[in-house]
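Thank you all for coming; I would like to take a few minutes to walk you through one structure. Please have a look at it on the screen before I go on.

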Amino acid sequence: MPANTELVEKEGRLMLEGLAELAVVRYNDDNETSYQVVKIIMVNLRFDGWRFYNMTFQAWDDEAGSPDPRNFQARIRRFANDTRVDFCRFEQEPKPIQDPDPWVAAAE
């Protein structure tokens with residue numbers, strides 16, 4: 001019997017939304033805010049014994065009166081029944097890659 005892909009996708013989305021909610025609750029507890037998840041933007045998954053979910057999602061704080069949601073980044077890891085939020089923060093701009101070769105900088 002083939003798997004119902006819509007059901008699998010829905011269950012996966014619900015699990016990821018739950019992880020994002022867990023991360024934003026941690027952020028709210030640490031920063032005395034009341035952000036709520038709006039939508040998930042991107043998720044990268046890595047297996048290393050644990051499952052590491054690197055997530056970008058949008059959340060907004062209705063108590064602060066902010067009209068626009070903010071982008072957050074979080075890393076959540078899971079192993080069996082153990083789930084941990086490593087961090088949850090506002091999205092950070094990527095840093096430019098620096099040339100590691102000091103001779104290149106000296107020659108310029």
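F79 stands opposite D82 in strand 4, and strands here are DSSP runs of E with at least two residues, numbered from the N terminus. Please keep in mind that this is a predicted model, in which local features need pLDDT of at least 70 and side-chain atom pairs count only at pLDDT 80 or more, while totals for chains, interfaces and linings use all residues. Residues are numbered from 1 along each chain as its sequence is written, and side-chain values use heavy atoms, with hydrogens and water left out.

Staying with this hairpin of strand 3 and strand 4, there are two residues between the strands, and A80 takes a positive phi near 55°. The two strands run antiparallel and are joined by eight bridges; further along, A74 stands opposite C88 in strand 4.

Stepping back, we have an open sheet of four strands in the order 1-2-3-4, with antiparallel pairing, where two strands pair if DSSP finds at least two bridges between them. Strand 1 and strand 4 are at the edges with a single partner strand each, so one side of each has no neighbour in the sheet. From one strand to the next, the twist averages 20°, an angle between N-to-C directions, on a scale from 0 to 180 degrees, of lines fitted to C-alpha atoms.

The largest pocket has a volume of about 150 Å³; a pocket is an open set of points on a 1 Å grid, where a 1.4 Å probe fits, with protein on both sides within 12 Å along at least five of seven lines, and lining residues have an atom within 4 Å of a point. The volume is the space filled by probe spheres set on the points, which are joined across faces, edges and corners.

Strand 1 (35-48), strand 2 (50-61), strand 3 (70-79) and strand 4 (82-90) each supply at least two residues of this lining, and strand 2 gives the most, with three. Among the lining residues are M55, A74, Q73 and Q92.

Finally, Q73, which lies in strand 3, counts as buried because its relative accessibility is 17%, buried being under 20% with a 1.4 Å probe and protein chains only. The side chain of Q73 reaches the backbone nitrogen of Q92 at 3.2 Å.

Key: Buried means under 20% relative accessible area, exposed over 50%, partly exposed in between (1.4 Å probe, protein chains only). A polar contact is a pair of N or O atoms within 3.5 Å; within protein, one must be able to donate a hydrogen and the other to accept it, and residues adjacent in sequence count only if both atoms are side-chain atoms.
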